[in-house]
Amino acid sequence: MAEAHTKHHDYHLVPPSPWPFIGSMAAFVMAVGAVMWMKAMALGGLQLGSVLFFAGLIGVLYTMFGWWSDVVREGQEGDHTRVVQLHLRYGMIMFIASEVMFFVAWFWAYFDASLFPGEVRQYARTELTGGHWPPKGIEAFNPLQLPLLGTLVLLLSGTTVTAAHHYIVTGEREKAKSYLWFTVLLGLLFTTLQAYEYSHAHFNFSGHIYGATFFMATGFHGFHVIVGTIFLLICVIRMYKDNHLTPERHFGFEAAAWYWHFVDVVWLFLFAAIYVWGYGWAAPAGGGH
């Protein structure tokens with residue numbers, strides 16, 4: 001009888017899980033709440049949009065915590081064979097590829113507006129931009145100030161996370177912890193610098209295409225930095241637990257490191273395209289400072 005339950009393959013058959021159902025319901029509530037909140041829609045005379053949105057958000061975060069906790073536990077129990085680990089890597093690669101295409105959309109919007117600010121077939125755009133980029137009245141950020149500092153911070157964080165990976169592989173856990181902490185702190189520093197930069201922007205999100213494309217592209221990147229920082233912080237916590245992130249089995253950290261390097265590369269493109277090239281070095285007076 002016991003022989004019938006013996007596993008003779010390298011695949012992990014996941015037992016029934018409540019997380020897909022809970023996550024989908026929470027995401028639905030969050031989406032409905034977001035629409036009601038943005039449209040100021042009432043339900044029974046009450047403005048419940050914000051309540052539904054945050055209730056759904058809590059459900060989504062709870063699902064993330066529970067589902068990923070299950071995945072970590074499965075790995076610790078030996079369910080992540082070499083075949084399963086390979087498929088987890090494929091999944092992470094596909095996820096990062098989808099994120100690349102997500103940012104391609106924002107770059108597309110930015111370059112469409114910046115390369116053709118005086119498009120004759122789009123009269124409203126020409127009137128808004130004044131026929132040059134940055135648009136008239138826009139005081140763009142000097143790329144050699146805060147943006148350059150943020151770039152150096154992210155590049156440094158890329159080296160510290162690589163060093164942490166090296167020390168995990170060699171089994172030097174204390175050094176790995178130190179470099180992981182450095183990476184998390186650098187991520188927090190970048191977020192602080194970006195918040196400070198946003199607070200001193202001389203343009204808003206609404207009202208013109210420059211602000212919309214700038215804040216959508218850099219803002220979503222900032223959100224990814226926050227997610228990556230949390231990802232790495234979880235790895236730090238796991239480093240303090242026995243038998244977690246060992247030299248032989250540490251895909252959780254590898255996934256976090258891949259994601260962090262992706263965030264670094266996206267920022268380099270943003271810095272070059274939006275801050276440096278889009279600064280308008282040769283723009284007329286008032287076009288950029």
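Trainee: What should I know before I start?

Mentor: The model is predicted, so local features need pLDDT of at least 70 and side-chain atom pairs count only at pLDDT 80 or more, while totals for chains, interfaces and linings use all residues. Residues are numbered from 1 along each chain as its sequence is written, and side-chain values use heavy atoms, with hydrogens and water left out.

Trainee: How many residues does helix 6 have, and how far does it reach?

Mentor: Helices are DSSP runs (H or I, at least four residues), numbered from the N terminus. Helix 6 covers residues 173-199, which is 27 residues, and reaches 39 Å from its first C-alpha to its last.

Trainee: Which residues of helix 6 are buried?

Mentor: Buried means under 20% relative accessible area, exposed over 50%, and partly exposed in between (1.4 Å probe, protein chains only). In helix 6 the buried ones include Leu-180, Phe-190, Leu-193, Gln-194 and Glu-197. Among what covers the buried residues are helix 5 (146-169), helix 7 (209-239) and helix 8 (251-276).

Trainee: What lines the largest cavity?

Mentor: On a 1 Å grid over the protein atoms alone, a cavity is a set of points where a 1.4 Å probe fits but cannot get out, and lining residues have an atom within 4 Å of a point. A volume is the space filled by probe spheres set on the points, which are joined across faces, edges and corners. Here the largest cavity holds about 60 Å³ of space. Its lining includes Leu-146, Pro-147, Trp-267 and Tyr-275, along with Phe-190 and Gln-194. Helix 6 gives the largest share of that lining, four residues.

Trainee: How many salt bridges does the structure hold?

Mentor: A salt bridge is a side-chain nitrogen of Lys or Arg within 4 Å of a carboxyl oxygen of Asp or Glu. This structure holds five. In one of them, Arg-89 pairs with Glu-254, with the closest N and O atoms 2.4 Å apart. Arg-89 lies in helix 3 (residues 82-115) and Glu-254 in helix 8, so the pair ties together parts that are 165 residues apart in sequence.

Trainee: Is Glu-254 buried or exposed?

Mentor: Glu-254 counts as buried, at 13% relative accessibility, whereas Arg-89 is partly exposed at 23%.

Trainee: Where do Lys-177 and Glu-174 lie?

Mentor: Both are in helix 6, three residues apart, about one turn of the helix. Lys-177 is buried, with a relative accessible area of 11%, but Glu-174 is exposed, at 55%.

Methods:
Helix = DSSP H or I, 4+ residues; strand = E, 2+ residues; numbered from the N terminus. Expected span 1.5 Å × (residues − 1). Contact = heavy atoms within 4.5 Å. 1 Å grid on protein atoms, 1.4 Å probe; cavity = no way out; pocket = protein on both sides within 12 Å on 5 of 7 lines; lining within 4 Å.
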